[in-house]
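Please look over the model first.

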Amino acid sequence: AAAAAAPSPPWTEEAVGDAPKKEVIKWIQSVASFDLLVKHKLNGQLNSIAKARKKDELIAAYKDLLESKAFATEAEREVAKASYEANKAEEKDKLAEERAKEAEQRRLENEAAELAAKAKASRDDSVEEDGVRVWVGVMPKDSSLGPANHCKGRHILCSKQGQIVHAYKKIQEQGGTLAAFSAVAKDVSECSSGKKGGDLGWFPRGKMEGKFQEVAFGTAKNSMSEPFKGANGFHLFFCEDRKN
């Protein structure tokens, strides 16, 4: 398309400084290209621009317009404005997408760091023997468990780590059931409860020593804990029931 014809300037470059600011802005807005208006921040509401722009800035814009002959019709300005706003919207969308990706990356990094910290804590608090993890420190609790003040369960005590690992594997091989636990307890448990299949009956929170209590109340109903070291040896616990 042919460039817009150059209009006759209403002021000389020397005289434009004496012209009212709004008149200078209105004339530039009516004849200049959209790019020039953006360059000199003259695209927008007349009153707002008049307040924001200094007279020296308007004189510079006026002289730039005359020297560059960056004239345009209203239709050309509208086309250029539409393209400019579309580009700005695209840039905004890209920026939002980049920020979303950065936020997701930070979330994944934080998650990985937390998992690494938990894994390290697990390594520090447990040892492995014959493919079985034995907790010698703090055993993680089952976060899905609700509150309980009483627990019913069974117990196996062995003085040596290898013995408790063997007992654990034997119970697992038999399905990890209560019956399997009871049978193995009768065979290997060094606790007096072993004669009764490790049966401890119901006991309240606070009765057992700290580590044993943590595991007992942290084990889900109808399930067996992993082997753990307590105050008087190595243990397994089977939770039969829980209640308040």
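Cys158 is buried, at a relative accessible area of 1%. Buried means under 20% relative accessible area, exposed over 50%, and partly exposed in between, with a 1.4 Å probe and protein chains only. The model is predicted: local features need pLDDT of at least 70, side-chain atom pairs count only at pLDDT 80 or more, and totals for chains, interfaces and linings use all residues. Residues are numbered from 1 along each chain as its sequence is written, and side-chain values use heavy atoms, without hydrogens and water.

**Cysteines**

How many disulfides does a search of the whole structure find? It finds zero. A disulfide here is a pair of cysteine sulfur atoms within 2.5 Å. Two cysteines are set out below.

| Cysteine | Relative accessible area | Closest cysteine sulfur | Sulfur distance |
|---|---|---|---|
| Cys158 | 1% | Cys191 | 11 Å |
| Cys239 | 0% | Cys151 | 3.9 Å |

The sulfur of Cys158 is too far from that of Cys191 for a bond. The sulfur of Cys239 is likewise too far from that of Cys151.

**Nonpolar cores**

A nonpolar core is a set of buried Ala, Val, Leu, Ile, Met, Phe, Trp, Tyr and Cys residues joined through side-chain atoms within 4.5 Å. The largest has 21 residues. Trp27, Ile28, Leu42 and Leu65 have the most contacts inside it. Helix 1 (21–31), helix 2, helix 3 (46–52) and helix 4 (55–68) each supply at least two residues of this core. Helix 4 gives the most, with six residues. Helices are DSSP runs (H or I, at least four residues), numbered from the N terminus.

**Pocket**

Helix 2 (34–39) and helix 5 (74–125) each supply at least two lining residues. Helix 5 gives the largest share, four residues.

**Helix 5**

Lys92 is placed in helix 5. Lys92 counts as exposed, at 63% relative accessibility. Lys92 and His166 are 74 residues apart in sequence and 63 Å apart in space, C-alpha to C-alpha.
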